[in-house]
Every structure is written in C-alpha cells, then in structure tokens.
Amino acid sequence: MRIHGGLLRPAIFLWRCIAINTDNLLINEDIRVPQVRVVDENGQQLGIMPTSQANAIAEGKELDLVMIAPQAAPPVCRIMDYGKYRFESSKREKENRKKQKIITVKEVQLSYSIEDRDLEIKARNAARMLKAGDKVRVSIRFRGRQIVHAKLGEGVMQHFAELIKDCGKVERPPKLEGRSMQMFVSPITPKE
C-alpha cells in the first residue's frame, strides 16, 4: 500500500515477463493447434497426429516437441532436445560474430595547398591505416574563397591516390560536397 496525498492507495505493480525462448518457437504444451506433422530426432517423418499424442511421444523419449514451421498446414513439429539446440545455436552465433571483421573508417585531412613532404607523410600514415584493414576517407575542406580552387584540390587528391596505390584502391573518386571534397580509399585484399 502506498500513501499519496493522505489517502491510502493500493500500489499497482506491473511485472514484465521476459521470455526465455529467443527463437519464438513454441515448445511442448505451448503448442495449441489440434494436429501437427511430426518429425522425430533422426529426421524420420512420423506423420500427422494430434498434438497430445505428439507430446506423449516426446515425453516418452525425454525430449521436447518444438514447432519449427508454424505456417505450414498442418504445422510441422520436431522432437529434439531443445536446451541442446539453443546452446548450439548460440554457440554458432558467437562463432559468426567472432569471425566477422569490423571495418572502421579513418580520416586524413588535406589542404589544397599542401606541400609535397607533408603530403608524403600523410600518405605514409594512410598506408599504415590501410595495411591494418581500415578504410580511409581523404578530405579537403575549403574555407571562404578557397572554393574557387576546387580543381587544385582534385589534383592533390589524385596525387595522394598515386602515392598510396600499392596498398589501397580508390573506392569513390574525389567528389565535391558543399565546401568539402571527399575521396574514399579501401585496402587492397591479397587476391586483388
């Protein structure tokens, strides 16, 4: 009970149920359809039967009855060890996440009036990033009246691309977007 403004009010608690079942598969007594097509643990079809009979067969084998194709007519259920199935599927997902490579985009900022030595240093840094497997965004920001020298900026970008052609390829050529010019360079994979 909670006191609010001098009055005694009953507290209302809302419980949020978190389902253990992440695959949205119905199992055992949760299956409410009258008839199902049953496949046993070895993949053999047992045929169409009442859900109660399929549950009894699964209980007799100390396994679970899992609805794997609810959209079929009648729905298809499989007799399996559901805990083992969930464990193996989570293990597969974990392996897939481990194998995937996250590519980050690093940025190198240039100027349309950059000196050759500075450009070589920036190219060397970009080459190191490309060898690490990251993509590189090369950008030139034009301030004030510098925008009239966009062609010079494009020439600087082309020269930069020539300096890093051994370890990266131009994925998107230089393009002027508003007051900045951008070019994307991706790493060269061994088979290219």
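This is a predicted model: local features need pLDDT of at least 70, side-chain atom pairs count only at pLDDT 80 or more; totals for chains, interfaces and linings use all residues.
Visitor: How many helices and strands does the chain have?
Guide: The sequence order reads β-β-β-β-α-β-β-α-β-α-β-α-β-β. Counting by type, the chain has four helices and ten strands.

Visitor: What percentage of the residues count as buried?
Guide: The chain exposes about 13800 Å². Carbon and sulfur atoms supply 52% of that area. Buried means under 20% relative accessible area. Of the 192 residues, the buried part is 31%.

Visitor: What share of the contacts in the chain with a separation of 6 or more comes from residues 24 or more positions apart?
Guide: A contact here means heavy atoms within 4.5 Å. Take the contacts with a separation of 6 or more; residues 24 or more positions apart account for 53%.

Visitor: What is the handedness of the crossing of α3 and α4?
Guide: The two helices pack at an angle of about 50°. Their crossing is right-handed.

Visitor: How do the residues of the contact of α3 with α4 divide into nonpolar, polar and charged?
Guide: From α3 come L119, E120, K122, A123 and A126. They meet V156, H159, F160 and L163 in α4. By class, the contact has six nonpolar, one polar and two charged residues.

Terms used. Residues are numbered from 1 along each chain as its sequence is written. Side-chain values use heavy atoms; hydrogens and water are left out. Axes are lines fitted to C-alpha atoms, for helices over the stretch in contact, and angles run from 0 to 180 degrees between N-to-C directions. A crossing is left-handed if the near helix is turned anticlockwise from the far one by less than a right angle, and right-handed if clockwise. Ala, Val, Leu, Ile, Met, Phe, Trp, Tyr, Cys and Pro count as nonpolar, Asp, Glu, Lys and Arg as charged, and the others, Gly among them, as polar. Buried means under 20% relative accessible area, exposed over 50%, partly exposed in between (1.4 Å probe, protein chains only). Accessible areas come from the Shrake-Rupley method with a 1.4 Å probe; for residues, only the protein chains shown count as cover.
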